[in-house]
Amino acid sequence: MDFQACAAMFSPKVWRTDIRDVGYLHARAGATHALLRLGQRERARDFAEAELADVKVFGAPRALGIALRAAGLAHGGKRGLSY
């Protein structure tokens, strides 16, 4: 998946420091949408929750909106609406 390749660019192995994609590529949100289309809801939730956790620390409004939308869609139903 191309989103995984993008996310790999933000790996500590590449930069030798802890780095997160918050507000730049939104690779995990994109991967969430792709995984949902593939029927892989559990993996989609993992990606969405990881992005949302990082974005909450970062605090950028646009990035937060993208992450919240991805998490809401990944969880679906009433839980998804709560995001």
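User: In this predicted model, buried means under 20% relative accessible area. So what makes arginine 28 count as buried?

Analyst: Its relative accessibility is 14%, and the cut-off is under 20%, so arginine 28 counts as buried.

User: Why is the contact between arginine 28 and glutamate 51 called a salt bridge?

Analyst: The N to O distance between the two side chains is 3.9 Å. A salt bridge needs a side-chain nitrogen of Arg within 4 Å of a carboxyl oxygen of Glu, so this pair passes. The pair also links distant parts of the chain, with arginine 28 in helix α3 and glutamate 51 in helix α4, 23 residues apart.

User: And glutamate 51, is that buried or exposed?

Analyst: Buried: glutamate 51 sits at 1%, and the limit is under 20%.

User: Why is arginine 45 called partly exposed?

Analyst: Its relative accessible area is 22%. Buried is under 20% and exposed is over 50%, so arginine 45 falls in between. Its salt-bridge partner, glutamate 42, is at 51%, so that one counts as exposed.

User: Which residues do shared partners join into one network?

Analyst: Arg28, Glu51 and Asp54, through their salt bridges.

How values were computed. Residues are numbered from 1 along each chain as its sequence is written. This is a predicted model: local features need pLDDT of at least 70, side-chain atom pairs count only at pLDDT 80 or more; totals for chains, interfaces and linings use all residues. Side-chain values use heavy atoms; hydrogens and water are left out. Helices (H or I, at least four residues) and strands (E, at least two) are DSSP runs, numbered from the N terminus. Buried means under 20% relative accessible area, exposed over 50%, partly exposed in between (1.4 Å probe, protein chains only).
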